[in-house]
Amino acid sequence: MRRDRGRRRPAAPGRAWGKRNGYTIRRVFRENLSGYKAGVKRPDFDEAVQALLDGESDCLWVYDSSRYSRKGAGDVLKILDSSGKRLYFYLNRLDTEVPADRMRIVAEAEQAREYSRLLSEKVRDTKAVDRDAGKWLGACLSNRQPACVS
């Protein structure tokens with residue numbers, strides 16, 4: 001329950017920002033999926049970006065640039081290179097309508113990608129150490145009860 005409340009919270013400042021800037025909120029997209037892992041389908045993300053690229057939306061407000069994508073600059077460049085398409089990153093206070101922000105937006109996208117790459121490497125290394133120490137790394141199943149290390 002608490003996790004769901006936390007996911008809804010970022011919509012409030014987005015709605016307020018939209019109202020202050022003369023936008024009508026046509027849809028709120030939410031997801032809690034990896035923006036880094038290859039093969040993870042992000043239908044809400046894809047739909048939001050496509051709506052912007054197709055002109056169905058004028059602007060896409062994003063709570064934090066690292067929540068937009070963790071696949072690097074490519075995901076923001078397709079918006080930056082499309083005339084009249086606006087991305088606004090709330091926590092970072094970055095706006096594609098501000099020319100000086102463009103380089104920072106690309107840098108933030110690359111930083112998010114690198115953070116995820118390093119985090120994945122740390123998790124892999126930790127799991128390898130635990131596995132070598134004989135610790136169980138899987139889930140405890142109700143029908144088959146392996147010895148679980150907590």
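Accessible areas come from the Shrake-Rupley method with a 1.4 Å probe. On this basis, the accessible surface of the protein amounts to about 10300 Å². Carbon and sulfur atoms account for 50% of that area. The model is a predicted one. Of its 150 residues, 29% count as buried.

The secondary structure consists of six helices and three strands. Read from the N terminus, the order of elements is α-α-α-β-α-α-β-β-α. Among contacts with a separation of 6 or more, 53% join residues 24 or more positions apart.

Helix α2 spans residues 11–20 and has a buried side. Ala-11, Pro-13, Gly-14, Trp-17 and Gly-18 are the buried residues in this helix. They lie on the same side of α2 because they cover an arc of only 160 degrees around the axis. The face turned away from them carries Ala-12, Lys-19 and Arg-20, which are exposed. Just after α2, Gly-22 adopts a positive phi of about 80 degrees.

Asp-75 lies in helix α5, which covers residues 74–80. Its relative accessible area is 14%, so Asp-75 is buried, the cut-off being under 20%. Beyond its neighbours within four places in sequence, Asp-75 is in contact with Phe-45, Tyr-68 and Ser-69.

Asp-101 is found in helix α6, residues 101–132. Asp-101 counts as buried because its relative accessibility is 10%. Despite its burial, Asp-101 has no salt bridge. The nearest side chain of opposite charge is that of Arg-104, 4.3 Å away. With neighbours within four places in sequence set aside, Asp-101 is in contact with Arg-93, Leu-94 and Asp-95.

A search of the whole structure finds eight salt bridges. One of them links Arg-26 and Glu-56, with an N to O distance of 3.6 Å. This pair joins distant parts of the chain, 30 residues apart. Arg-26 sits in the loop between α2 and α3, and Glu-56 in the loop between α3 and β1. Arg-26 is partly exposed, at a relative accessible area of 43%.

Asp-81 and Arg-102 also meet through their side chains in a salt bridge, at 4.0 Å from N to O. Here too the pair links distant parts of the chain, with the partners 21 residues apart. Asp-81 belongs to the loop between α5 and β2, whereas Arg-102 is in helix α6. Asp-81 counts as exposed, at 60% relative accessibility. Arg-102 counts as partly exposed, at 32%.

A further salt bridge joins Arg-113 to Glu-110, the closest N and O atoms being 3.4 Å apart. Both residues are in helix α6. They are three residues apart, and therefore separated by about one helical turn. An α-helix has 3.6 residues a turn, so residues three or four places apart point the same way. Arg-113 is partly exposed, with a relative accessible area of 27%. Glu-110 is likewise partly exposed, at 30%. Elsewhere, salt bridges link Arg-86, Asp-95 and Glu-97 in a network.

The surface also carries a nonpolar patch, formed by Tyr-115, Leu-119 and Val-123. Together these residues have about 270 Å² of accessible area. Tyr-115 lies in helix α6.

Conventions
Residues numbered from 1 in each chain as written. Predicted model: local features only at pLDDT ≥ 70, side-chain atom pairs only at ≥ 80, totals over all residues. Heavy atoms only, no water. Helix = DSSP H or I, 4+ residues; strand = E, 2+ residues; numbered from the N terminus. Buried < 20%, exposed > 50% of the residue type's maximum accessible area, 1.4 Å probe, protein only. Lys, Arg positive; Asp, Glu negative; His and termini not counted. Contact = heavy atoms within 4.5 Å. Arc of directions from axis to C-beta. Patch = residues over 30% accessible without salt bridge, like charges linked within 9 Å, V, L, I, M, F, W, Y side chains within 5 Å.
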